[in-house]
Amino acid sequence: MKPFRKHVAISIDGGALKGVMVTRALAILEDHLGRPAHDIFRVTTGTSTGAIIAAGIGRGLSGTQMYDLYCELGGVVFRRTLRSMLWPLTRYRFSNEPLANALKQYLGEGMMREFWTAEPPTDVVITVFDLVEKRTRFVKPWKDEYSTWPILKAVLASSTIPTTFPVVEGRYVDGGVGSYCNPCYIAAYELCFCLNWNPAETTLISLGTGREPHSLKTGDADRFMVWDWIGPVIGAFMQTADDQQVHVVKTFFERLDFRRFQVDFREPVKSDDPKEIPKLAEYGEELARKILNDETDIAMEIKAKRTLQSL
């Protein structure tokens, strides 16, 4: 693995229980470097499950601690109940109380500003979609508007997958509802334009939460009923948006040491099924091997012919 530069940031995608693979990979990376993630990353950016991990790093949790947390709470947060079995006849599938209690226990009840006043400070950027104002909010510890937001509120809101968990405060849901399930562009923007880090002295690590395998064959769509389009359309939107963020960072931040790592699933993986945790742990070890061997994602191979202005 190439050495990191002077400044190091990390961006983590959304994906519910797929956070297992990211935390497992982080634990292996920490063992390799002999340092906890909190000592490595001064900017952490995350969406949904990535927000949990980004905040965890900011609070000083190790990859191993967060991996154990995911393994322990997977069956509690996504516990099968009468409500979950009757879904989609109910407003949401799972109560968010177990998740909120776990976040309170591991992240504490502090405010976002505490990330910035800690020593050393960490710029933790969490994406949240505001249904009322129809926009993505970028919750940051140094910004007055969000400095007094409870960490629990920001992380819980970013993790609120619509129809899976109840809406937070009647307006806030998963940051991945917009264009930032992969928040790597947000991280690049933050470190270059908000913190004024020199891109030539900066490494940005972007961790994906798995790419689903191709499941359709030519002609399958000819037989689709209306409801059959839901899954393919959502999947196409999310994968396209994820890869687009990689392309934007690669194109307009040329001097940045940008490394995007992703794993291709060999079979469909459910993001809300605790039975998938052992499989996700194995994928996490594969993700770690890619990080340590600098095997970046294929999305980084897309190149623009020219740029108007690159940092």
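**Aromatic pairs and a buried arginine**

Phe 165 is buried, at 4% relative accessibility; buried means under 20% relative accessible area, exposed over 50% and partly exposed in between, with a 1.4 Å probe and protein chains only. The model is predicted, so local features need pLDDT of at least 70 and side-chain atom pairs count only at pLDDT 80 or more, while totals for chains, interfaces and linings use all residues. Residues are numbered from 1 along each chain as its sequence is written, and side-chain values use heavy atoms, with hydrogens and water left out.

**Phe 165 and its ring partners**

- Across the whole structure, a search finds 11 aromatic pairs; rings of Phe, Tyr and Trp (its six-membered ring) pair if their centres lie within 6.5 Å, and planes under 30 degrees apart count as stacked, over 60 as edge-to-face and the rest as tilted.
- Phe 78 and Phe 165 are a tilted pair, because their ring centres are 5.8 Å apart and their planes stand at 45 degrees.
- Phe 78 is in the loop between helix 4 (63–77) and helix 5 (82–86), and Phe 165 is in the loop between helix 9 (151–158) and strand 5 (172–174), so this pair ties together parts 87 residues apart in sequence. Helices (H or I, at least four residues) and strands (E, at least two) are DSSP runs, numbered from the N terminus.
- Phe 78 is buried, with a relative accessible area of 7%.
- Phe 94 also forms a tilted pair with Phe 165, at 6.4 Å centre to centre and 50 degrees between the planes.
- Phe 94 lies in the loop between helix 5 and helix 6 (97–107), so its pair with Phe 165 ties together parts that are 71 residues apart in sequence.
- Phe 94 is buried, at 2% relative accessibility.

**Other aromatic features**

- One aromatic cluster is formed by Tyr 185, Tyr 189, Phe 193 and Phe 253.
- The charged end of Arg 24 sits over the ring of Tyr 67, 5.8 Å from its centre; this requires CZ of Arg or NZ of Lys within 6 Å of the ring centre and within 35 degrees of the ring normal.
- Lys 153 lies over the face of Trp 149, 3.9 Å from the ring centre.

**Arg 259**

- Arg 259 is in strand 7 (residues 257–261) and is buried, with a relative accessible area of 2%.
- The side chains of Arg 259 and Asp 294 are joined by a polar contact of 3.4 Å. A polar contact is a pair of N or O atoms within 3.5 Å; within protein, one must be able to donate a hydrogen and the other to accept it, and residues adjacent in sequence count only if both atoms are side-chain atoms.
- A polar side-chain atom of Arg 259 lies 3.2 Å from the backbone oxygen of Lys 2.
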